[in-house]
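This note sets out some remarks on the model under review. Please read them with the structure displayed alongside.

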Amino acid sequence: MSDTPTAQTAPTAPLRARAEIDLAALRANARTLRALAPDAALMAVVKSDAYGHGAVRCARAAVEAGASWLGTATPEEALALRADPGLPADVRIMCWLWTPGGPWREAVEAGLDVSVSGMWALREVTEAAGEAGRPARVQLKADTGLGRNGCQPADWPELVREALRAEAAGLVRITGLWSHFACADEPGHPSIAAQLALFRELLGYAEEQGVRPEVRHIANSPATLTLPEAHFDMVRTGIALYGLSPSPELGSAADFGLRPVMTLSASLALVKHVPGGHGVSYGHHYVTPGETTLGLVPVGYADGIPRHASGSGPVLVGGKWRTAAGRIAMDQFVVDLGGDEPEVGAEAVLFGPGDRGEPTAEDWAQAAGTIAYEIVTRIGSRVPRVYVNEEPSGQEPGDGA
């Protein structure tokens, strides 16, 4: 699988923009998360091209740091990972977002773990297993309160019964029982305890009927960080793996010992003097208050920069925070440099770990009225991913912590 967006190992020429992916930080985050759940296996969730960071390289780095499972949404994502020769053959890969007529047989033949939430999916996967001549690895998902995918509690006995019947016929192996929290990122929300209690009840029923799963799991990133009673046999970590907090209410990334993996920067395409009263960008929602300098940042909403952050998105240029002046356009936006005159080509850092005083993805999330998940995941294919620290060193960030 080739990483999408375009992957580069090092810049070969000045880049309009770049998303630098620090794989040492990712490995350190994986070790930190493993330490929080020492008795559970770690699943590195690399869906949506690893939240925009590049699925293959991030999957390899996570496995190097001790992840024994990889999680994807779609079967196509999972199949592409299984085809990567750089991943160990014994790493388990799970996918959970299926629609009728999906590539069930390919998934069975690739040894993927597939999620089943209803009878239609169980029928399709058992048929595919019969065609493939080998049992399917199946994980039964219960809807304990999120209201998305997953089997309703009232239908759970039928799904368990039929899955056990298929297992007895040699068509499936029930490898997991799982669910997903709705509000684990909201401390003290009453649904957390309710979902956990129902999950235990549904687990108990399945196991009484004879299910012997390899893993039972419900903990996402926020539950991994704050709910040890929810860790069971495996934790599924997505956003935390990439060094971002799942919720400011839970604490910052630094509070949990996590380091952001992506730094997004661009090269100023133009610096120019303008008089006071000069309108900037579409609609003239920003007008210069006096004579000043403007800098042109050559990324826009086609690159994933949220238009909702027009007038508020922060950028570090020349050691100072600047703000998107006026509308963010498809390919570019403007910052008011306040009379400063950086060179054309000077670095404009949109977000990163914050070490150099630059904004973070959370700062952009606040500016756009969204969550940090969306900020990093939406960075588009026109922005090359530049990977650093691909090879583990003897002492990496987080070692010994």
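1. Basis of the note. The model is predicted: local features need pLDDT of at least 70, side-chain atom pairs count only at pLDDT 80 or more, and totals for chains, interfaces and linings use all residues. Residues are numbered from 1 along each chain as its sequence is written, and side-chain values use heavy atoms, with hydrogens and water left out.

2. In an unreviewed entry, UniProt places the feature "active site" at K47 and Y282. Because these residues span 236 residues in sequence and the farthest two C-alpha atoms are 35.2 Å apart, they do not all gather at one spot. Of these residues, K47 is included in the lining of the largest pocket. UniProt positions are given here in the numbering of this note, feature names are shortened, and annotations may be inferred rather than shown by experiment.

3. With a relative accessibility of 30%, K47 counts as partly exposed. The scale calls a residue buried under 20% relative accessible area, exposed over 50%, and partly exposed in between, with a 1.4 Å probe and protein chains only. Leaving aside neighbours within four places in sequence, K47 is in contact (heavy atoms within 4.5 Å) with G71, T72, A73, E77 and W96.

4. Surroundings of Y282. The loop between β13 (279-280) and β14 (286-287) holds Y282. This tyrosine counts as exposed because its relative accessibility is 59%. Not counting residues up to four places away in sequence, Y282 touches R327 and A329.

5. The loop between β7 and α7 contains R148, which counts as exposed at 59% relative accessibility. Apart from its neighbours within four places in sequence, R148 is in contact with D143 and H180. As for M330, its place is in the loop between β17 (320-323) and β18 (333-336), and its relative accessible area of 42% makes M330 partly exposed. Residues up to four places away in sequence not being counted, M330 touches G300, Y301, A302, D303 and R382.

6. Largest pocket. Which residues lie nearest the centre of the largest pocket? Its lining is made up of 36 residues, and K47, Y51, R148, H180 and Y373 lie nearest its centre. The volume of the largest pocket is about 790 Å³. At least two lining residues are supplied by each of α2 (47-51), α9 (221-226), α10 (361-368) and α11 (372-377). The lining divides into 17 nonpolar, eleven polar and eight charged residues. Here Ala, Val, Leu, Ile, Met, Phe, Trp, Tyr, Cys and Pro count as nonpolar, Asp, Glu, Lys and Arg as charged, and the others, Gly among them, as polar.

7. Cavity. The structure holds one cavity of 30 Å³ or more, and about 40 Å³ of space lies in the largest cavity. Residues lining the largest cavity are H53, Y242, L244, P260, V261, M262, F351, G352, A361 and V376; eight are nonpolar, two are polar and none is charged. On a 1 Å grid over the protein atoms alone, a cavity is a set of points where a 1.4 Å probe fits but cannot get out, and a pocket is an open set with protein on both sides within 12 Å along at least five of seven lines; lining residues have an atom within 4 Å of a point. Grid points are joined across faces, edges and corners, and a volume is the space filled by probe spheres set on the points.

8. Helix α7. The buried residues of α7 are W156, L159, V160, E162, A163, L164 and A166. They pack against β6 (113-116), α6 (119-132), β7 (136-141), β8 (172-178) and α8 (190-208). Just after α7, G170 takes a positive phi of about 80°.

Terms used. Helices (H or I, at least four residues) and strands (E, at least two) are DSSP runs, numbered from the N terminus.
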